[in-house]
Amino acid sequence: MTTYGYARVSTAKQAASLDAQRETLIARGIDARHVYADMCSGAKKSRPEFDALVRAVDDGDRIVCSKIDRLGRTMFETMETVLDLAQRGVTVETGDMGVLDPHSAAGEAQINLMLAFAQFERRRLIERTNEGVARARAQGKKLGRPAKVTPSLRSAMVAAHESGMSISEIARLHGMSRDTVRRALSGSRPTP
């Protein structure tokens, strides 16, 4: 029997949390070689490390993760994952719920309740994010990444190109990619 750990965060900004999840799993006695970790949204269909973990486990093995919502995108998908693993003889344990037993009525109810709250929390986060974006737009704030090429920089690039400088030379001079320079020269991307 091997005990595996799984950790996941959604963004690179949460890397410290991913490290903390790994450390917690290792502190619980899980061999660092058996800790799988993804840095991608749980809403993504493919999570490479989780997929590899599911392929690696055998009958009698155990998977430990910090919270149940690390295991799937939706309540139904997570329950399906837990049931699939249980049918293969794999035990699933979470830091917030302990060992999950989907075959007992109490275990199934416990899993469904926790998943319902996790899904509710995710939906509320999406709603709050969308409300914030709508509020920012209503206030006239510009959203998204700022343009790399300002109108004055575009003019300088055009002048340099017209004087014979290559796109590669202009890109090196301004510290940006050739594609960015090409877009600026063609005027295909609007600049502020």
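1. Basis of the model. The structure is a predicted model, in which local features need pLDDT of at least 70 and side-chain atom pairs count only at pLDDT 80 or more, while totals for chains, interfaces and linings use all residues. Residues are numbered from 1 along each chain as its sequence is written, and side-chain values use heavy atoms, with hydrogens and water left out.

2. Helix α1 and Gln-21. Gln-21 is found in helix α1, residues 15–27. Helices here are DSSP runs of H or I with at least four residues, strands are runs of E with at least two, and both are numbered from the N terminus. Gln-21 counts as buried because its relative accessibility is 10%. Buried means under 20% relative accessible area, exposed means over 50%, and partly exposed lies in between, with a 1.4 Å probe and protein chains only. Leaving aside neighbours within four places in sequence, Gln-21 is in contact with Ala-7, Arg-8, Val-9, Ser-66 and Arg-70. Contact means heavy atoms within 4.5 Å.

3. Leu-25 in α1. Helix α1 also holds Leu-25, which is buried with a relative accessible area of 4%. Not counting residues up to four places away in sequence, Leu-25 touches Gly-5, Tyr-6, Ala-7, Ile-30, Val-35, Val-64 and Cys-65. The C-alpha atoms of Leu-25 and Asp-101 are separated by 20 Å, and these two residues are 76 residues apart along the chain.

4. Helix α3. This helix covers residues 75–87, has 13 residues, and reaches 18 Å from its first C-alpha to its last, close to the 18 Å expected at 1.5 Å a residue. The expected span of a helix is 1.5 Å times one less than its number of residues. The buried residues of α3 are Met-75, Glu-77, Thr-78, Met-79, Thr-81, Val-82 and Leu-85. Their cover includes α2 (48–56), β3 (62–65), β4 (91–94), β5 (98–100) and α4. After α3 comes Gly-89, with a positive phi near 85°.

5. Thr-94 in strand β4. Thr-94 has its place in strand β4 and counts as buried at 1% relative accessibility. Apart from neighbours within four places in sequence, Thr-94 is in contact with Cys-65, Ser-66, Lys-67, Ile-68 and Leu-100. Between the C-alpha atoms of Thr-94 and Arg-70, 24 residues apart along the chain, the separation is 9.2 Å.

6. Phe-120 in α4. Is Phe-120 buried or exposed? At 52% relative accessibility, Phe-120 counts as exposed. Phe-120 is found in helix α4, residues 105–138. The C-alpha atoms of Phe-120 and Asp-84 lie 24 Å apart, and 36 residues separate the two along the chain.

7. Helix α5. With 12 residues, α5 reaches 16 Å from its first C-alpha to its last, close to the 16 Å expected at 1.5 Å a residue. Leu-153, Met-157 and Ala-160 are buried in α5. They cover an arc of only 65° around the axis, so they are on the same side of α5. The arc is that of the directions from the helix axis to the C-beta atoms. The face turned away from this buried side carries the exposed residues Ser-152 and Glu-162. The buried residues of α5 pack against α6 (167–174) and α7. Gly-164, which follows α5, has a positive phi near 110°.

8. Helix α7. Thr-180, Val-181 and Ala-184 are buried in α7. Seen down the axis of α7, these buried residues fall within an arc of 100°, so they line one face of the helix. The buried residues of α7 pack against α5 and α6. Gly-187 follows α7, and its phi is positive, near 70°.

9. How α5 meets α7. The axes of α5 (residues 151–162) and α7 (residues 178–186) come within 9 Å and cross at roughly 90°. That makes α5 roughly perpendicular to α7. Angles of 65 to 115 degrees count as roughly perpendicular, under 35 as roughly parallel, over 145 as roughly antiparallel, and the rest as oblique. Axes are lines fitted to C-alpha atoms, for helices over the stretch in contact, and angles run from 0 to 180 degrees between N-to-C directions.

10. Residues of that contact. Arg-154, Met-157, Val-158 and His-161 in α5 meet Val-181, Ala-184, Leu-185 and Ser-186 in α7. The residues of this contact divide into 5 nonpolar, 2 polar and 1 charged. Ala, Val, Leu, Ile, Met, Phe, Trp, Tyr, Cys and Pro count as nonpolar, Asp, Glu, Lys and Arg as charged, and the others, Gly among them, as polar.
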